[in-house]
Structures are given as C-alpha cells and as structure tokens.
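Here is a friendly walk through one protein chain, from its overall make-up down to a few individual residues. Please keep the structure open beside you while you read.

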Amino acid sequence: MDGHEPDTSSYVQKEVVENELQASPAVEPDVEQEHPGSEASSVEKSLGFIQSEHDSQTREAGSSNDRSRVEVDGEDCDSPKSSSVNQSETHFEDDLESQSPNVSLVDVSGSSDALKEEEEGYVVPKVGMEFETEDHAYKCYSRYAVLEGFSIRKDFVNKSRINGDVVSRRYTCYRQGYRPPKHIANVRKPRHETRTGCLAHMTIARQPNGKFRVTRFETQHNHEFVTPSTAHMLPSQKRLTFAQAVEADLAKGSGMDGVPKLGMGFDSEDHAYEFYNAYAGRVGFSVRKDYVNRSKIDGAVASRRFTCFREGFRQKDNRDLNVKRPRKETRIGCMAQLVISRQSDGKYRVTHFEEQHNHELVAACRVRTLRSQKRLATAQVEGNGVDGSTTQPKLVSELLCNRVGDQDAHGYQPINSNSKLPFKQMRDMKEGEAERLQQYFQSKQLKNPSFFYSMQLDADDQITNIFWADAKMLMDYNDFGDVVCFDTTCRLYKDCRPFVAFIGVNHHKQMMVFSAAFLYDETIESYKWLFRTFIEAMSGKKPKTILTDQDAVLAEAIDSVFPDIHHRICVWHVYQHALKQLNHMFVGSGSFINDLSSCFFEHEEDEPFINAWNGMLDAYGLWENEWLHQMFKEREKWAIAYGRHIFCADIRSVQLCEGFTASLRKYLKFDFDVLSFFKHLGKILNDWHYKELEANYDMSQRLPILMGDVILLKQARDIYTPKIFELLQQEYETSLNIVINQCTENGSMFEYKVSIYGQQQEYTVSFNSSEEIVACECKKFEFMGVLCSHALKVLDFRNIKMLPSQYILKRWTRDARI
C-alpha cells in the first residue's frame, strides 16, 4: 500500500502529507470501507449508510435476532441482525461525502472534455484522466464499476496536515484484501467471506491546478462479476441510489404521500416511527422497533430499524418444555422493514425500505386491534368520546367493521294490519312506551335503512308484539344462521318485560344475537307472526335447526311455520327449568348442582346418560319427583345423547346463554325505561362484537401450537379457527390411543370396530373406499361438524393423511364470513 503517489506534482511536494496507514490491506485508519455481509450471487446486501461515530449498538425488546459483526474504523463491533433478514448489514462511512444531500450525481460541469461524455454514457477511467473534485472521480469510477458488475470501496486517503485537504485517495474493488481472522470463534453465525484479495483499484492525486488526476488504474479482477439483473444490489449502486433519492426528496420539499420512500427525511426518529406506523395501519400490520445504533459521543440515535411484528423467528427455549400453555407462534420471518439513519444535515433519512410481507395483512376493520395501532385508536376514541362510556373503543371497532352500507329501504310496512291479533293482547304495555319504541326504531332506520323492525297490533289496534334486527344481526345470520336458539328465558321472571331473542354461535363458538322481540302476547298467533317476521327480515332464509324451550304452543307454531326444519328442545332451557323446579335441593347440598349439570351436559351416549340420571335420583332421593319423571320420558327431545344425527353447532353449553339474561334482567324490569334497556343491550352486543374482532385478530396473527409434526393437523390449523382446531386436535390426540379390534369388508365398504385402549366400549365406523366417506355411530360430526377420534383413527389406518373436503364445514373455518 503506497503512502505517496509517484507522479504527484511539486504542489503536492510542498504539502506535508499524512501517511500513517496500517499494514493490513483490508482495514486502514482513514479509509472508508464497505463491510461485507452475507451474499446472494456475490452481492452484498446493505441496509443503510451511517456515520462512523455511531458505532455502539443496543438491542430493543421483542426481537429474536441473531448478532452479526460489522467493521468500523478497523475494529469489529457487534451489530444486531434479524434472523428473518437475509443477513443484511449496515454500511458505515467515515466522511459521508457520498451521501451528502447536496451532492450532484449528474452535473459534471467544469470537468475535462473527456468527462462531458458522461451525459450520454459512462467513461472508462484511464491513467492521466483529470477530475474537478475527488467526488467526480468517485462517481465516474462507481458508474464504471456498476455497469461492469462490481462494487467499489473508498480504501485509503492521504490528507494534508496543514489544512486537512485530500492529497490522494485510492478506490478499490469491494472484494479487495482479506478479512482479519480475529473474534471469528465467538460469532454464532459468521458472515460469508466476500473478500478474495482482488487488486483492481483506481488511485487519484491532487495536482497543482487543484484537479485530481488518475495515477494508477488496475482493471484485472480475480472473481466473477455480478449479472445486470442483480447489479442494483451492489453497495456502491445503493449509495448512488440513496443520494439520488435524497436529492429528489429535497427537490419536492416536505410533501409526503403516505408511502415510505428511499431518501425520505424526518426531523426525529419518533417522527419516522409515527409515519411508518401510520402507513402500517393503512396497509394492515403492526410495527416493532427492532434495533438501534447509538453514538458513543452523545448517545443520540444514529440509525434504527422498524420491522413488521412478524419479523424473525422465536428462539427455542428449553424452559418451554415445562410450560403448560405455550404462547402461540407469531413470528414467521417477515422481511418488511424500514431503516433510517442520521445524515450530515441532521435529518433521519430512509436508507432501506422493504415493502413485501410473507403473510396476510389485517383487514381494515381489525387494524385497531394491532398492538402498535392501539395507542392511536385510544387517542381517537378519547377525542370522539361524548358520554365517557368505557365501551367507546369497542363501539369504534364495531362501526369500522360494519360491512352493511346504506341501502334502499326494504319496502315493507312496519305495522301490517293484515297480521293483527283477533283478540286483545295478554299483557299491557306501559303508558307511552309504544310511542317511544316507535320513535327509537324510526331513528335507527334513518341512520341505517338496513335496520328492520315490525310491530303487531291486537284487536283494539294497540301495539302488542315488537320485532327488530339491526344490520349487524342480519349479516351475522347470513353467515351463521344454520342453527338458531330461540331464547325465552325471561318468561321465567314475571316482573320482567317479555323479551325473547334468536341466538346463535359464530365460527369461534362465540354467542351472537340474530334478532330480538318483545312478546306481550304468547299465543300461537303471536308466535306464528314472530317466526314469519323473522324469515321476512332474513330475506327468506330459514335455519336448518331451531332449538327452543319446551312449550306445546311454541312447538305448534314452529311446525306450522317451519315444517321442514329440525326442531329440538334446547338442553340449556331444560336445565334452567330444572334449576327452578329443584331449587329446594340446593340448600345443604353443595354437590347437587354439579351432579345435575353433569347429567344435562356431560354425557354424549345414552347408556352413560341413563346411568348418571339414575345415580342422581338414588343419591338425592328424587325418584318420586314428577317433573324429573316427565323430563326423563321426553329425554329424546332434549338430551344430548339423543338426536345426534341433527346438526346443532354444539349449542349445549351452559356458558352460551348464562349471564346474557342475567345481565339484561335489571334493565328489563318495568320500573326501568325501555330505552335504557336498548342502550344496555347495545353495550352487550358491542362487547360480543369486539370479542369477535379480538378473536379474528388473534387468529390472523397467532398460530395454535401443534402437538406434533402431523400433516393433518397442519392442514386443519390453516383451515379452522383456533377454537375449532383445538377441538379437532383433542380428537386426534384421543385417536392415538384407539385400537382397531375388527375389520369386515364388503366390496368397497369396510366396517371397523374400534375402542380406546383398555376400555370395553366399542364404536362402529364404516368407510367407503371408493368415495372416501367415513361415518361413526357416535355421530359427533353430524352433531357438531368436527370428525370424532374414531373416524380419524380409521382415516389414518387407511393412509388418508389429509381431511377430506366433505368433512370441513365452512361455518367453522377462518373464511366463514367470506
């Protein structure tokens, strides 16, 4: 490595020249260098360009990145590196000359005549060529290098001790020299070697006239060049592109269109984060502050990287084996990111922007549930709050997700004289209540024409029965109206308004209300009117199954209006009646409530159910109870062990309706104004809707943990909602302990006898090999829409490793609402 150039003029000889260079050809003290990282087709991938004083790095929480090494001023220092990024690195420059926003990359006026050709093409450097400035020389050599297929590095510089001006400088190929072998043993994932000892270089020296002349030019390389398709990844090309982007940003002023661009400037890192987070909110992802480089001088941020929150991969931890409920996986190696670095003008500029994600983005209606967006959502709600209600954030989310736009009026008459009761209503409404309800419904319909309501008159032309369904209810029924539970629990409380509701469950098995009504008359005519109005509101779509209370009048009305659908007595309603009939048994017996609940909800086979029922009667002396005797006679209408061939969406849990009526009962009392009831009901429905939004967000961002590397489970996890996948995974886990005891064959039909290992009870599973149809006598799939462990065992035995499409119900999938 030369200290002085042999052909410098007397002007150079009058200067006292700095030449304190280290012996290593790879690292020199006053040298600006490219720092090699991992390669793709021998191309270094740089994230940005940062001042050399900013060489201390800190790592912020929430990242699972590996640590790589970068070289700064001839020394190695740690720099955090994301495991999801293709080992990108940050390029440090000593003097920032090439990235100054004032540098012109096109204007070469004032240079020699030979350089005027740059406007039409690039100039091949040669010995004796002169440049107005060293920057002009660098740009010429850089253009030449990029078009040839290599990148250049500012290698060493000689400066005057008098005034610090550059006397001579050498530019080398970025594969010049060799990496020093120090600290390599301590690096977990060492970088790929990029330096090959290439000797290609260009040296310039300042002349008496102030210009810089090429004194040496070596064109031979000892490595292959990159292809034109990958030339844009060369570090020196990125540096040119960045400088051009800075110029463009300065030229257009501070105007921003909301999309990050290379060279875009910000006054602070916080401004950059807010801008990127706002962009992320519009696109549909959350932002994480990944790593930060700080200056050793003043501790100020020199560069920072913001990433998608799904960046990287979670590192394995041996402690995870002891965790009963491990966290769901969120990181999948997304490479979307924004890198900023502080420039000589004091601004933070975008030095790298990756736009593409490797996962689905969050829908606009769910953006508010993203972690980095919650602060903005809270601020907006606080700004829009009127009554200080704690449910405002949920109300905002509900409004954002209202997919039902303004539509034309339904064209129906809310009060139809043709459907009048032929007699006077059974109950009277409070004075003025009918008018307030009518005004309330009219105002709701003015706000959204999709709001549906209808009122029935009695023989005296008095409003008696009232039905309503808002736009959200109509949309929910369209997606999940295959099974409807008609809840009449409020009839148990004589001091309450006669409130009834049509209830269902969504794809997360969460409760939802399809419509509601006040029934001041509970005759067969009123029920018929109610069911016909329900079908009218739902555009003629009927449910496949309806679950109701045990009532002869109600059953007759359903047979008249819904003759072709399945009608079952809801086990939850029967249980509520049991609590009322047997309330005297709760005194002095803490176990009775548990045994009673077990009889109603925990037995899916007839024999276990009968044994549990008889055991309860024996234990508590209830053999003479007439109500229990009548319920047992009618068990096939309501007990879970019977009617399993009817799809009920697994609506059987006490938790489905428990708390719903209890939370409404206070507001349903006659001493409360009816409008206060609607306000409270709206809050409950908003809470339920918000829970669905949270479940949808959790579903899109977190994957349930697999019990093993099983193809069928991987397929099911991608298809089902997490709640349904957990049910299927439990069935699959049970199937591992099931043995096949017998197999009989009749053509394409096979019949298997299976049982859990060590148990006596057997199940018969039939399999049609020609159509891949499986059916189990337990009827779990027919009842709730998820294959049972017995059927899964037979499919696995038949080497069927994927769920057949006919056993995947859309209403349980992630795409249920699509």
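## About the model

This is a predicted model, in which local features need pLDDT of at least 70 and side-chain atom pairs count only at pLDDT 80 or more, while totals for chains, interfaces and linings use all residues. Residues are numbered from 1 along each chain as its sequence is written, and side-chain values use heavy atoms, with hydrogens and water left out.

## The chain as a whole

The protein chain has 22 helices and 26 strands; these are DSSP runs numbered from the N terminus, with helices being H or I of at least four residues and strands being E of at least two. Of the 818 residues in the chain, 53% are buried. Here buried means under 20% relative accessible area, exposed means over 50%, and partly exposed is in between, with a 1.4 Å probe and protein chains only.

A contact means heavy atoms within 4.5 Å. Among contacts with a separation of 6 or more, 64% join residues 24 or more positions apart.

## Nonpolar cores

In soluble globular proteins, nonpolar side chains tend to be buried together. A nonpolar core is a set of buried Ala, Val, Leu, Ile, Met, Phe, Trp, Tyr and Cys residues joined through side-chain atoms within 4.5 Å. The largest one in this chain holds 134 residues, and the members that touch the most others are Trp468, Phe499, Phe518, Phe600 and Phe660.

Which residues does phenylalanine 600 contact, leaving aside its neighbours within four places in sequence? They are Val571, Val574, Tyr575, Ala578, Trp613, Trp638 and Ile640. Another core, of 25 residues, lies apart from the largest one, and its members include Tyr276, Tyr279, Ala336 and Tyr348.

Helix H7 (residues 433-447) has 15 residues and should span 21 Å at 1.5 Å a residue, which agrees with the 21 Å between its end C-alpha atoms. The expected span is 1.5 Å times one less than the number of residues. Its buried residues are Glu433, Ala434, Leu437 and Phe441. They lie on the same side of H7, because they cover an arc of only 95° around the axis; the arc is that of the directions from the helix axis to the C-beta atoms. Gln439, Leu446 and Lys447 are exposed on the other side of H7. The cover over the buried residues of H7 includes strand E16 (452-457), strand E17 (463-469), strand E20 (511-519) and helix H18 (674-701).

Helix H2 (residues 134-148) also has its span on record: its 15 residues reach 21 Å from first C-alpha to last, close to the 21 Å expected. H2 is mostly covered, with 12 of its 15 residues buried, among them His136, Tyr138, Cys140 and Val146. Just after H2, glycine 149 takes a positive phi of about 120°.

## Cysteines

How many disulfides are there? A disulfide is a pair of cysteine sulfur atoms within 2.5 Å, and by this rule the count is zero. The sulfur of cysteine 308 is too far for a bond, because its closest cysteine sulfur, in cysteine 334, is 3.9 Å away. Cysteine 788 is in no disulfide either, with the nearest cysteine sulfur, that of cysteine 778, 3.5 Å away. Cysteine 308 is buried at 0% relative accessible area, and cysteine 788 is buried at 3%.

## Loop and strand residues

Lysine 509 has a positive phi near 60° in a residue other than glycine. It is in the loop between strand E19 (499-505) and E20, and is partly exposed at 26%. Serine 539 also has a positive phi near 60°; it lies in the loop between helix H9 (524-537) and strand E21 (545-548) and is exposed at 70%.

Glutamine 742 lies in strand E23 (residues 738-746) and contacts Glu751, Tyr752 and Lys753, leaving aside neighbours within four places in sequence. Its C-alpha is separated by 5.6 Å from that of tyrosine 752, 10 residues apart along the chain. Glutamate 762 sits in the loop between strand E24 (749-756) and strand E25 (763-768) and is partly exposed at 38%.
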